[in-house]
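The following paragraphs go through selected features of one model. Please keep the sequence and the structure in view while reading.

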Amino acid sequence: MSRLPTTNIKMGVAVSKYTELSTNELLARFCSTDVICPNDPFWNQLLAFNINPPQSSEEQLMFDSSTESLLQMFLQNNPQTGNLGSLVQVFITRATELLAAPNSDNVMLAWQTFNALFVIRAVSKYLVEMVPEYELCRHLDVQAERRVGNGPVDREGLESTSPEQESSALRPSSTPEVEAPTSPKLTGNDSRVEMLIDALIGLIIDVPVTDNTYYLHLECINTILVLMSVYMFAGVHGQTRLVDTSLIYRTLFQGRYGMHAPLLVKTLLNNLCSMQAAPPSMFGAHAGGGSLLINLASGLWNMITFNASTRQTIYTHPPLDRAELQERVKKEHPLANQSCLLLLTLANHCMNADNLYRNALLCCEDTAETAAPTPQRESNGSSQVTPPRIDIAALHKALCSTAGCEHSTLLLYLMLHSCNVYKRHISNVAQIDQLIVPILQVLYNAPDNNSHHIYMSLIVLLILTEDEALIKNVHLIMLKNLTWYTERAISEISLGGLMVLVILRALQYNMARVRDKYLHTNCLAAIANMSCEFRNLHPYVAQRLISLFETLTKRRARLCIEIEGGDINTLELPHVSEEKTEEIMDHISVLDEVLRMLLEIINSCVAHQLSNNLNVVYALLHKRHLFQQHEHHHPVAQNIDMVIGYFSTRLQRVQEGAGGDLGVTEVLQCIKKGAEQWSSDRLKKFPDLKFRYVEEERPEEFFTPYVWSLVSSCGGVYWASEGGARALGDLLAC
């Protein structure tokens, strides 16, 4: 390992609290009327600081309050000074040097590159909230002006200084001299928005993730998210169809940087798969100590001596309570967390054939497969892009470990719905319970989760039940000691039985409280897909299936009585409506649909797997009177009534021979013998129940706003202002 540099580093922003930022002289000059060119030694002073970026909404609020006066001054002066553009040029120079350095793990260079980017992100975030996107771009593109000697300001506008001058002025004294490549210059065809995005993507793709570069990678991703958040604030600034006119979105999705889409997607997926724990210090800044300024050399020594293998991760120490999962992922694995969110953001904007990020994600190939990558031609037919090759098993492990997180559920949905290589992998996974059980926990705790998370979890289960091999396998996997299932102690249950039990519970909760048609449709479709493969359902599962049918039958009967002659004003309905009769009729119609589906599910079970579901037959016999009233209304009920009649007759004969009532064991023994002689040929044939999930037209109308709600709620970038809450509210209301 190379020897640590011994040069003392003079800290610039010497602050111990966020509140001291407002009085810092260097920040005040940056925001003032002073023109600071890219090659000014000022930047070496400004960027020699250690600061912990806000780690929560509360900290963001403190940071925003402390910098408000400075940023207001910046907003007024930057159109004349172009200091933000100069800072971007400084960052690009630093990034270029880091990319060209023989040792890309250069902590000093990474440190100052990070600092420059943090200031850019903080200022850009303020601009995104305060001004429309075109003004943000104007602030970035203002040409820096310079003073010639001690003379007046040169108002003609300054081209970027030569790379040699910039490298000499900006390189820290402790950084080894390297020959830097030509730094990008601002020309008539390139905006600083394009140059900034190009540099950010280059750092993410080409700089390895190490302890010394971890937070730089994180800051690059967060800065891209902040730039893209102009979409979230478009409504606040009175903009419509922003994506069609946005320079930021054109640069990302239509510009030449789209050719890097496969590499960027691969890098972000690798970040997620590795689930690398955050280093214990941010370039030496100790979290949680309340001090923003520390001794750099001490911090560097901590970084070098800390043994990465001893870090706890959600892989080595999974959370006992899944409610803690999302917070742990965000705090302990922020790079994986933000990589997932950026992937979702890139894949769920411009959701068409031209989105190269979405194409790369959904057409990725598995490194475990020996076949050569299949080139994908771009939509314009101009060239071919090789899809990224990733470790699908590692991705599956990451998705299993984070399946309880809402943004991970959305990525899982995207992969299951549209990525063929991942769907093939899922079909062959032996321990599928590692993925399904966390999704079931989300459904089980439905009152504690938002409707979007519940909805996406149900769709994931529905897609999984479309796989015939999987629905056979889930009944062979036995689970024990489910401490999170508290309604009833169950010592052992099959994964398939648990799926039915939890989905039935979600259905009952929805029918009683939410009454969302899409939710109960997806619940019923998932159970229906599994029904032909029900095997050895737990007695409690069979009981809940039949008791739900009983509950809904009684509810329908009560509503019919009320509407025919009762007092409908006494009914508890989900909405206050002047037309209560119409609302009751709508609810009866929904109940009829659910009851019909439940009958078809029961019929599918007894028609295909009667001998493997003695507990279902037992539950049917216990509630035999329920199905007699449906016999003349539903053809499938005739099959169920035939099964009930067959076993009732056998039970009656055995009971008469025994001279008394039979116990549970005797009844089940009788059912077992009867099942051995039963032939399903006597039942009327119906088509197998098979449902497939199909996205509605214009899915971006749902998914794009949803992704931004996840960036705000699950991510590490915080919009603490009222404008942020209003922007997100307006977006979700569209």
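The model discussed here is predicted. In it, the axes of helix α17, residues 392–401, and helix α20, residues 433–444, come within 8 Å and cross at roughly 25°. The angle falls under that cut-off, so α17 and α20 are roughly parallel to each other. The crossing in which α17 passes α20 is left-handed. On the α17 side the contact is made by His396, Leu399 and Cys400, and on the α20 side by Gln434, Leu435 and Pro438. By class, the residues of this contact are four nonpolar and two polar, with no charged residue.

Helix α20 spans residues 433–444, and Ile436 is among the residues with the most contacts inside the largest nonpolar core. That core has 228 residues. Phe91, Leu361, Tyr422, Ile432, Leu495 and Phe627 are also listed among those with the most contacts inside it. In soluble globular proteins, nonpolar side chains tend to be buried together. With neighbours within four places in sequence set aside, Ile436 is in contact with Leu461, Leu464, Leu470, Val474, Leu495 and Met499. One of these partners, Leu495, is itself named with Ile436 among the residues with the most contacts in the core.

Cys523 belongs to helix α24, which covers residues 517–531. Is Cys523 buried or exposed? Its relative accessibility is 0%, and Cys523 therefore counts as buried. Not counting residues up to four places away in sequence, Cys523 touches Leu458, Ile503, Ala506 and Leu507.

Two loop residues remain to be described. Asn481 lies in the loop between β9, residues 478–480, and β10, residues 492–494. Its phi is near 55°, a positive value in a residue other than glycine. Relative accessibility is 63% for Asn481, so this residue counts as exposed. Arg698 is in the loop that lies between α30, residues 664–677, and α31, residues 700–714. Arg698 is likewise a residue other than glycine with a positive phi, near 55°. Because its relative accessibility is 52%, Arg698 counts as exposed.

Conventions
Residues are numbered from 1 along each chain as its sequence is written. This is a predicted model: local features need pLDDT of at least 70, side-chain atom pairs count only at pLDDT 80 or more; totals for chains, interfaces and linings use all residues. Side-chain values use heavy atoms; hydrogens and water are left out. Axes are lines fitted to C-alpha atoms, for helices over the stretch in contact, and angles run from 0 to 180 degrees between N-to-C directions. Helices (H or I, at least four residues) and strands (E, at least two) are DSSP runs, numbered from the N terminus. Angles under 35 degrees count as roughly parallel, over 145 as roughly antiparallel, 65 to 115 as roughly perpendicular and the rest as oblique. A crossing is left-handed if the near helix is turned anticlockwise from the far one by less than a right angle, and right-handed if clockwise. Contact means heavy atoms within 4.5 Å. Ala, Val, Leu, Ile, Met, Phe, Trp, Tyr, Cys and Pro count as nonpolar, Asp, Glu, Lys and Arg as charged, and the others, Gly among them, as polar. Buried means under 20% relative accessible area, exposed over 50%, partly exposed in between (1.4 Å probe, protein chains only). A nonpolar core is a set of buried Ala, Val, Leu, Ile, Met, Phe, Trp, Tyr and Cys residues joined through side-chain atoms within 4.5 Å.
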